[in-house]
Amino acid sequence: MGLLNMLKGKERKETLEDLYNQILENNSSKFSTLLFNLYEDEDCYTVEAVFDDDAFIIGREKPYFIAYNDINYTIILESFKTRLEKFYLENHNKLNNLKEISYGFVDGDLYYIKEHKKKRNDIKVTMEELEALNDQKLLAWITVYTDGEKRKENGINSFSRELTTEERDKYIKFLYENFKIKDK
């Protein structure tokens with residue numbers, strides 16, 4: 001017996017199947033990700049679908065019904081996963097433009113039905129990530145992720161030692177401006 005059939009005959013409006021139909025109708029080759037945001041509302045669990053980080057949203061004003069909240073959220077997650085996997089398997093040819101399909105409660109973990117594996121040249125680094133590195137890791141990253149000739153030209157010595165504040169700032173800026181992923 002399905003989860004929605006166990007709802008003690010309570011009235012419900014727009015269902016998960018209605019949401020899936022809306023996704024199929026609105027999916028476009030311009031989209032590459034689809035996220036299902038689950039909510040635990042006052043009396044029920046609901047969901048909205050979000051293409052490409054808010055580029056197109058289905059159900060923001062009126063999220064789609066999943067189940068009444070007299071069921072534990074972990075059961076909801078597992079049931080949602082099962083139904084989403086089935087939807088994807090039945091419609092994968094209509095959703096092949098999507099590199100990533102994920103779901104989760106808006107204040108919780110994110111789970112993937114289809115996960116985009118980043119290619120080496122997709123990797124980006126932020127200034128905050130570089131600033132968080134200790135001196136040894138910063139020097140190691142410079143050695144691995146920058147060109148040796150550019151290091152020499154800029155007076156960057158990447159041997160293991162403690163850096164002064166000025167050197168650290170210079171090395172972080174250099175790594176940020178010259179970060180490259182080496183091909184295998």
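T15 is buried (under 20% relative accessible area, against over 50% for exposed and in between for partly exposed; 1.4 Å probe, protein chains only), with a relative accessible area of 13%. The residue is found in the segment before α1 (16–26); helices (H or I, at least four residues) and strands (E, at least two) are DSSP runs numbered from the N terminus. Leaving aside neighbours within four places in sequence, T15 is in contact with Y64 and F65, contact being defined as heavy atoms within 4.5 Å. The model is predicted, and local features need pLDDT of at least 70, side-chain atom pairs count only at pLDDT 80 or more, and totals for chains, interfaces and linings use all residues. Residues are numbered from 1 along each chain as its sequence is written, and side-chain values use heavy atoms, with hydrogens and water left out.

Beyond its neighbours within four places in sequence, L19 is in contact with F36, V47, A49, I58 and Y64. In soluble globular proteins, nonpolar side chains tend to be buried together.

In helix α4 (residues 135–145), the buried residues are D135, L138, L139 and I142. These residues lie on the same side of α4 because they cover an arc of only 95° around the axis, the arc being that of the directions from the helix axis to the C-beta atoms. The buried residues of α4 pack against α5 (148–153) and α6 (165–178). The N-terminal end of α4 is capped by N134, with a side-chain oxygen 2.8 Å from the backbone nitrogen of K137.

N178 lies in helix α6 and counts as buried at 13% relative accessibility. The side chain of N178 reaches the backbone oxygen of F174 at 2.9 Å. With neighbours within four places in sequence left aside, N178 is in contact with Y145, T146 and K150.

Notes: Polar contact = N/O pair within 3.5 Å; in protein donor to acceptor, adjacent residues only side chain to side chain.
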